[in-house]
Protein chains: 2
Amino acid sequence: MSTEDETTARTRAAVEAYVRAWATNDKEALLAAFAEDGVWIDPVGTPPYRGRAAIGGFWDQAHAGDQRFTPEVRRIVACGNEAILLFRMVVRNAGGGGMTIDVCDQMVVGPDGKIQVAKAFWDATCLGQL
Amino acid sequence: MSTEDETTARTRAAVEAYVRAWATNDKEALLAAFAEDGVWIDPVGTPPYRGRAAIGGFWDQAHAGDQRFTPEVRRIVACGNEAILLFRMVVRNAGGGGMTIDVCDQMVVGPDGKIQVAKAFWDATCLGQL
């Protein structure tokens with residue numbers, strides 16, 4: 001039960017790299033977690049960000065203010081080349097206030113260990129105030 | 001924030017029909033929640049069940065013993081034609097014991113309100129004893 005096959009372990013590592021990039025506020029690490037042609041949809045139902053340049057644009061937009069992002073992982077379930085990441089994103093303003101978003105990411109990871117697709121599921125019911 | 005567009009509402013209804021079918025132990029309702037050519041993968045990484053006949057076979061296999069299945073919904077997030085369903089499946093044996101499985105389903109719902117794809121994410125870390 002404690003052993004994972006190689007694919008599943010690679011998938012889990014990619015998810016962990018994604019979380020670590022948010023936790024350390026490291027844009028380059030975030031982009032490196034994605035494939036060059038990776039796709040990010042956040043939230044699902046809105047237009048996708050295709051490729052690292054577009055994903056970097058999304059990151060920049062999220063960091064345009066003075067917010068700090070702290071991901072609190074609830075669960076990672078890796079199944080072969082796909083995974084679910086449940087986490088609470090804590091978004092703190094410089095003033096001390098902020099919000100939380102309970103996100104469920106679904107990810108597909110390529111044989112190179114890079115995220116091919118990351119889809120973030122959340123809606124108004126997933127938001128909270130700090 | 002409390003209004004959903006038509007697609008999202010339809011997606012949510014399909015997920016709720018799926019949950020209700022489990023809660024009421026209703027195989028026909030479960031099959032009716034899926035498109036005729038719907039696909040069920042449980043868990044992700046294993047071969048898919050394609051079409052209602054195959055999905056019915058999966059249901060029969062799950063119910064071959066004397067288990068009772070009780071889904072406890074934790075969260076449903078519908079985003080356009082896709083959804084995440086977080087729930088704990090409580091599986092009780094006639095003897096009183098049993099197990100729990102914390103499942104994250106990702107679903108894609110067609111314009112007809114039927115589930116096109118349901119993918120269940122869970123692994124050994126999601127299992128518990130009753």
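Let me begin with one residue: is B:Gly95 buried or exposed? B:Gly95 counts as exposed, because it has 7 C-beta neighbours inside 10 Å. For the terms, a residue is buried if 20 or more other C-beta atoms lie within 10 Å of its own, exposed if 12 or fewer, and partly exposed in between, with C-beta atoms placed from the backbone. B:Gly95 sits in the loop between β4 and β5 of chain B. Helices (H or I, at least four residues) and strands (E, at least two) are DSSP runs, numbered from the N terminus. B:Gly95 and B:Asp66 are 29 residues apart in sequence, and their C-alpha atoms are 9.1 Å apart in space.

Some housekeeping. This is a predicted model, in which local features need pLDDT of at least 70, side-chain atom pairs count only at pLDDT 80 or more, and totals for chains, interfaces and linings use all residues. Residues are numbered from 1 along each chain as its sequence is written, and chains are lettered from A and ligands numbered from 1 in the order in which they are written.

Next, how the chains sit together. 16 residues of chain B are in contact with 16 residues of chain A, where contact means that the C-beta atoms of two residues, placed from the backbone, lie within 7 Å. On the chain B side, the elements giving two or more residues are β3 (68–79), β4 (82–92) and β5 (98–109). That side of chain B divides into 11 nonpolar, 3 polar and 2 charged residues. Here Ala, Val, Leu, Ile, Met, Phe, Trp, Tyr, Cys and Pro count as nonpolar, Asp, Glu, Lys and Arg as charged, and the others, Gly among them, as polar.

What superposes chain B on chain A? A rotation of 180 degrees with 0.0 Å of shift along its axis does, at an RMSD of 0.0 Å. The two copies are thus related as by a two-fold rotation axis. The superposition is by least squares on the C-alpha atoms of residues with pLDDT of at least 70 in both copies. Of the residues of chain B, B:Gln106 comes closest to the rotation axis, with its C-alpha at 4.0 Å. The copies meet through the same surface, because 100% of the interface residues of chain B are also interface residues in chain A.

Now the sheet, in chain A. Strands count as paired if DSSP finds at least two bridges between them. β4 (residues 82–92) and β5 (residues 98–109) run antiparallel, joined by 11 bridges, and A:Arg92 has A:Gly98 as its bridge partner in β5(A). The two strands form a hairpin with 5 residues between them, and A:Gly96 in the turn has a positive phi of about 110 degrees. β5(A) is also joined to β6 (residues 115–121) by 6 bridges, again antiparallel. In that pairing A:Gln106 stands opposite A:Lys119. This is a hairpin too, with 5 residues between the strands and a positive phi of about 80 degrees at A:Gly113 in the turn. β5(A) pairs with β7 (residues 127–129) as well, in the antiparallel sense over 3 bridges, with A:Gly128 as the bridge partner of A:Thr100.

On to helix α3 (residues 52–62) of chain A. Its buried residues are A:Arg52, A:Ile55 and A:Trp59. They cover an arc of only 65 degrees around the axis, which puts them on the same side of α3(A); the arc is that of the directions from the helix axis to the C-beta atoms. These buried residues pack against α2 (27–33), β1 (34–41) and β2 (49–50) of chain A. The face turned away carries the exposed residues A:Ala53, A:Gly57, A:Asp60 and A:Gln61.

Two backbone details to finish. Most residues other than glycine have a negative phi, and most peptide bonds are trans. The peptide bond joining A:Asp42 and A:Pro43 is cis, with omega about -5 degrees, and A:Pro43 lies in the loop between β1 and β2 of chain A. A:Asn25 has a positive phi, near 55 degrees, and is not a glycine. A:Asn25 is found in the loop between α1 (6–23) and α2 of chain A, and is partly exposed, with 13 other C-beta atoms within 10 Å.
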